[in-house]
Amino acid sequence: MSAYQNILLGVDVYGPEVKKPFHQACAYARDNDAIFHIATVLNTKGTGTLKRMDPKLKELKRQAYETLETYQQQAEEAGVSNVKMILDTGSPKARITQHLAPEYDIDLLVVGATQGNKVENLLLGSVAEGVVREAKCDVLTVRENLG
């Protein structure tokens, strides 16, 4: 197996902290001397026109960028030498699999999967499940037990 060169960790900056997936992705990036992309996609699907929500979107982007900076700093402290941040908008599943992965030549996607109950999974849907189904590269799903 060849070493991974471009690893992307998808994070929901407004969801629970992704400790296990983050640490696992850092380890892969450090051990493979890979570029570590930490990405978040602000879900603007179904929000109507962007013009109408522009002030709110700017504030959401500012907050998301601050969270990504924190992750970047932690990755560098964990020994990852090349860390990039990606802030995008749209449908997270589609943007990650159809746009970000090809654009950044990602060969490993790392996503967290919370262990919610069946009702939570049906109501909330699962970006991780969609990424696993639609990705053209390897996907590492790391279980994060929040309870």
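Start, in this predicted model, with the largest nonpolar core, which has 24 residues, and select I7, V11, F22, F36, I38 and A75, the members with the most contacts inside it. To see where this core comes from, colour strand 1 (6-10), helix 1 (19-32), strand 2 (35-43), helix 2 (54-77) and strand 4 (108-114), the elements that each give two or more residues to it. Of these, helix 2 provides the largest share, namely five residues.

Next, centre the view on F36 and display its surroundings: leaving aside neighbours within four places in sequence, F36 is in contact with I7, L9, F22, A25, C26, A29 and A75, and also with V80, N82, V83 and K84.

Now turn to a pair of helices, selecting helix 3 (residues 92-103) together with helix 5 (residues 127-134), whose axes come within 9 Å and cross at roughly 25°. Because angles under 35 degrees count as roughly parallel, helix 3 and helix 5 are therefore described as roughly parallel to each other. Their crossing is right-handed. Show side chains at the contact, where P92, K93, I96, T97 and Q98 of helix 3 meet V127, G130, V131 and E134 of helix 5.

Notes:
Residues are numbered from 1 along each chain as its sequence is written. This is a predicted model: local features need pLDDT of at least 70, side-chain atom pairs count only at pLDDT 80 or more; totals for chains, interfaces and linings use all residues. Side-chain values use heavy atoms; hydrogens and water are left out. Axes are lines fitted to C-alpha atoms, for helices over the stretch in contact, and angles run from 0 to 180 degrees between N-to-C directions. Helices (H or I, at least four residues) and strands (E, at least two) are DSSP runs, numbered from the N terminus. Angles under 35 degrees count as roughly parallel, over 145 as roughly antiparallel, 65 to 115 as roughly perpendicular and the rest as oblique. A crossing is left-handed if the near helix is turned anticlockwise from the far one by less than a right angle, and right-handed if clockwise. Contact means heavy atoms within 4.5 Å. A nonpolar core is a set of buried Ala, Val, Leu, Ile, Met, Phe, Trp, Tyr and Cys residues joined through side-chain atoms within 4.5 Å. Buried means under 20% relative accessible area, exposed over 50%, partly exposed in between (1.4 Å probe, protein chains only).
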